Amino acid sequence: MTGPAKEVMPAGTTAGTPQVLLAHHLKHLKLPTVLREYDKVARECARDGVDHPRYLLRLVELELIDRERRMVERRIRAARVPAVKSFDTFDFTAIPSINKMLVLELARCGYILRQENIIALGNSGTGKTHVAIALGLAACQKGFSVAFTTAASLVSQLLEARDEKRLLSLQRELQAVKLLIVDELGYVPLSPTGAELLFEVFSQRYERGSTIVTSNLPFEDWTSVLGSERLTGALLDRLTHHVSILAVNGNSYRLRQSAGRRRATAAAEQNQATADEADPETGEIIA
Ligand code: ADP
Ligand code: MG
């Protein structure tokens, strides 16, 4: 073996079997899939009479596929979504106000390339967070960096960063992410400084990156959260210049589900009671 290989060899390793060296070099080159698969694929290729270039090609393709999957997983972890939700589990018929065609078009992420925004408006429990997360995950799949936060948490992070004199670096980070999701604007009124800092985030991302905002409040009520009419106007001006608006109105999916569960439980209890009444053994009602 040549000199450089010796240098990267762990202490105590001598030029043993080629497999040992190969494993070491593949780890060093960060090719874990090639390492895991080379022997199995070699046997398959020998069996099928596949030549060397095609053998190598198969291995390299496996590594590429795995690497892409690992990168998507890394982006999803970095996005810090509160739960993994996708469009596969979203029932569009439950919220007729939502424009399914528009949502599926947005899931293709063209808006991120155009640095456009999305605002999802609707009352609580109607699936705004679900849709925002699903769009975030779709963006991760397509290779975009994503960050998920709530308006309240974002503002407290900004205030904390300002107190600790690292506001600029947090602002840079927030500016760099391709898709920023700000959930739940509207539940918590913001302090004047908090509102200013939030405005700065939107302003710095304007025409540079995409932002998704969800809110339970219609635009005319945003002043109650941001405090000032002037600031609200300026913020909406930037946010809505290039925007798709999703109206997510309807009955709360959460309430409907728990009402459904209550009905199911009541029906089960009713059945149980009927069965208990008919119990010939003890004549007692079993809880
Ligand atoms: P919001 O953010 O509008 O308050 P969420 O997105 O948090 O509502 O939805 C509340 C719960 O109901 C979540 O668990 C979500 O996954 C589920 N949910 C809401 N709408 C739908 C839907 N149309 N199909 C499937 N699940 C839904
Ligand atoms: Mg929500």
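This is a predicted model: local features need pLDDT of at least 70, side-chain atom pairs count only at pLDDT 80 or more; totals for chains, interfaces and linings use all residues.
1. From α2, the residues Q19, L22, A23, L26 and K27 touch V34, L35 and Y38 of α3, where contact means heavy atoms within 4.5 Å. By class, this contact holds 6 nonpolar, 1 polar and 1 charged residues. Here Ala, Val, Leu, Ile, Met, Phe, Trp, Tyr, Cys and Pro count as nonpolar, Asp, Glu, Lys and Arg as charged, and the others, Gly among them, as polar.

2. How do the two helices run? The axes of α2 (residues 18-28) and α3 (residues 32-48) come within 8 Å and cross at roughly 150 degrees. That makes α2 roughly antiparallel to α3 (angles under 35 degrees count as roughly parallel, over 145 as roughly antiparallel, 65 to 115 as roughly perpendicular and the rest as oblique). The axes are lines fitted to C-alpha atoms, for helices over the stretch in contact, with angles from 0 to 180 degrees between N-to-C directions. The crossing of α2 with α3 is right-handed, that is, the near helix is turned clockwise from the far one by less than a right angle.

3. Next, follow α3 to its contact with α4. Their axes come within 9 Å and cross at roughly 145 degrees, and this crossing is right-handed. On the α3 side the contact includes P32, T33, V34, R36, E37 and Y38, and on the α4 side it includes Y55, R58, L59, L62 and E63.

4. Now for α8 and α10. The axes of α8 (residues 151-163) and α10 come within 9 Å and cross at roughly 100 degrees, so the two helices are roughly perpendicular to each other. L154, V155, L158, L159 and R162 of α8 meet T193, G194, L197, L198 and V201 of α10. This contact of α8 with α10 has 7 nonpolar, 2 polar and 1 charged residues.

5. Most residues other than glycine have a negative phi. R80, however, has a positive phi near 55 degrees; R80 sits in the loop between α4 (52-79) and α5 (100-106). With 68% relative accessibility, R80 is exposed (buried means under 20% relative accessible area, exposed over 50%, partly exposed in between, with a 1.4 Å probe and protein chains only). E207 also has a positive phi, of about 60 degrees, and lies in the loop between α10 (192-205) and β4 (210-215). E207 is partly exposed, at 42% relative accessible area.

6. Is S244 buried or exposed? At 16% relative accessibility, S244 is buried. Its place is in strand β5 (residues 243-247). Beyond its neighbours within four places in sequence, S244 contacts L102, L106, N117, I118 and I119.

7. Finally, the chain as a whole. It has 13 helices and 5 strands, taken as DSSP runs (H or I, at least four residues, for helices; E, at least two, for strands) numbered from the N terminus. Of the 287 residues, 38% are buried. Among contacts with a separation of 6 or more, 76% join residues 24 or more positions apart. The chain exposes about 17,100 Å², with carbon and sulfur atoms supplying 56%; the areas come from the Shrake-Rupley method with a 1.4 Å probe.

8. A word on conventions. Residues are numbered from 1 along each chain as its sequence is written, and side-chain values use heavy atoms, without hydrogens and water. Local features need pLDDT of at least 70 and side-chain atom pairs count only at pLDDT 80 or more, while totals for chains, interfaces and linings use all residues.

Methods. Chains are lettered from A and ligands numbered from 1 in the order in which they are written.
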